[in-house]
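Visitor: Could you take me through one part of this model in close detail? I would like to see how its residues are arranged, one step at a time.

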Amino acid sequence: MSSAPATDSPVAISARVTPDPSQIGDLLELEVTVAYPTGFAVNVPLGLKLDPLHLVSVEESEPESTGQGLRKVFTFTIQHFGVGEARTPSFPITYVAPDGAVQTAQVPSHSFSVTALLANEAEPKRQGEDPPISLEYPNHTAETAIYFTAGALVAGFVSALLFLRWRRRPRPVVLPPPEPADRVALRALDRLKEADYAGRGEFQLHYLMLTEILKGYLEGRFGIDALERTTDELRAALLRSEAAIAPLKPTEVIRFLQQCDLVKFARFAPPPSEAAAAVEQARGMVVATTPVAPAGPKDQAPKDRPSETGPKEQVVKDMSSPAAPKLVPEADIPTEPVPKYKEEDE
């Protein structure tokens, strides 16, 4: 192994050739190991030539830590077509310092020996040839083996094609059900509230996100093409869908979007409390139009409950008992109130 002479360069280089000795025309490996500090980059110059050696290929390893820096190994596959002692030429390795300065360091030259393929004789003689082998013809065993091998290859090829075709067959893709638009909008409003853009003075961004959330909800919940439309373009679509978006009114939605446009385009800076109230106002629109889940099946009456077909006097007597629960007519049972969006005064 050869090493570069000690200099002020922060890069240390060593080189070796394997196998040594070798025979003429063999593929040899010139292994160059470069040790350098952390933060440097090391590479081989483009268009490198190693005359009189023939350069076949260049490979480089990933940098590995040495505890005090990094180490990288470059493997040059070379050939030499001469016999006797030979040397690899010295060539540069480029390294880039952390400040961007590009410098070079020289790879040391390394000697190796190459031997001939012929025997070490003054006048080598050619060896005799083996006698020809006579095969009986027709050779049924050889023919059977050839046909069997050819048939097996064809069968394997066809089986592989069928298997690949079976693997590439179209398969049904089962997609998960889409998330309800109201859940998506409420979660986005929560994130907008936590981001507190208005508290940091980013009112345009706050109201931009707010209008995108509301338009996305209108599009996902009612099928209104809202995201790609301006407030004026959206007015006609909301008026056509007035019955679908109830209890919301198109004028309420348009007024809310126009107030947001004042901040986005007119650069109006409302107080942070008004920005937070706008989020809650949009939340009220979403909650007011959230579909109500259908009620489950009614509970069955207990077995010991008096039958409605029994005597009327018995039923009245049981109802007048202090231990009997007071029944409320089904029409008077209050349902869960649906919050409605309160219209602002125009």
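Guide: Happy to! A residue is called buried here when its relative accessible area is under 20%, and exposed when that value is over 50%. Please keep in mind that this is a predicted model.

Let's look at helix 2, which runs over residues 181–195. This helix has 15 residues and reaches 21 Å from its first C-alpha to its last, close to the 21 Å expected at 1.5 Å a residue. Within helix 2, the buried residues are Ala181, Asp182, Ala185, Ala188, Leu189, Leu192 and Ala195. They lie on the same side of helix 2 because they cover an arc of only 145 degrees around its axis. Turn to the other side of helix 2 and you will find Arg183, Lys193 and Glu194, which are exposed.

What do the buried residues of helix 2 pack against? Their partners are helix 3 (203–222) and helix 6 (272–288).

Lys264 has a relative accessible area of 16%, so it counts as buried. Leaving aside residues up to four places away in sequence, Lys264 touches Gln204, Tyr207, Leu208 and Thr211. With Thr211 there is also a polar contact, made between the two side chains at 3.3 Å.

Methods:
Residues are numbered from 1 along each chain as its sequence is written. This is a predicted model: local features need pLDDT of at least 70, side-chain atom pairs count only at pLDDT 80 or more; totals for chains, interfaces and linings use all residues. Side-chain values use heavy atoms; hydrogens and water are left out. Helices (H or I, at least four residues) and strands (E, at least two) are DSSP runs, numbered from the N terminus. The expected span of a helix is 1.5 Å times one less than its number of residues. Buried means under 20% relative accessible area, exposed over 50%, partly exposed in between (1.4 Å probe, protein chains only). The arc is that of the directions from the helix axis to the C-beta atoms. Contact means heavy atoms within 4.5 Å. A polar contact is a pair of N or O atoms within 3.5 Å; within protein, one must be able to donate a hydrogen and the other to accept it, and residues adjacent in sequence count only if both atoms are side-chain atoms.
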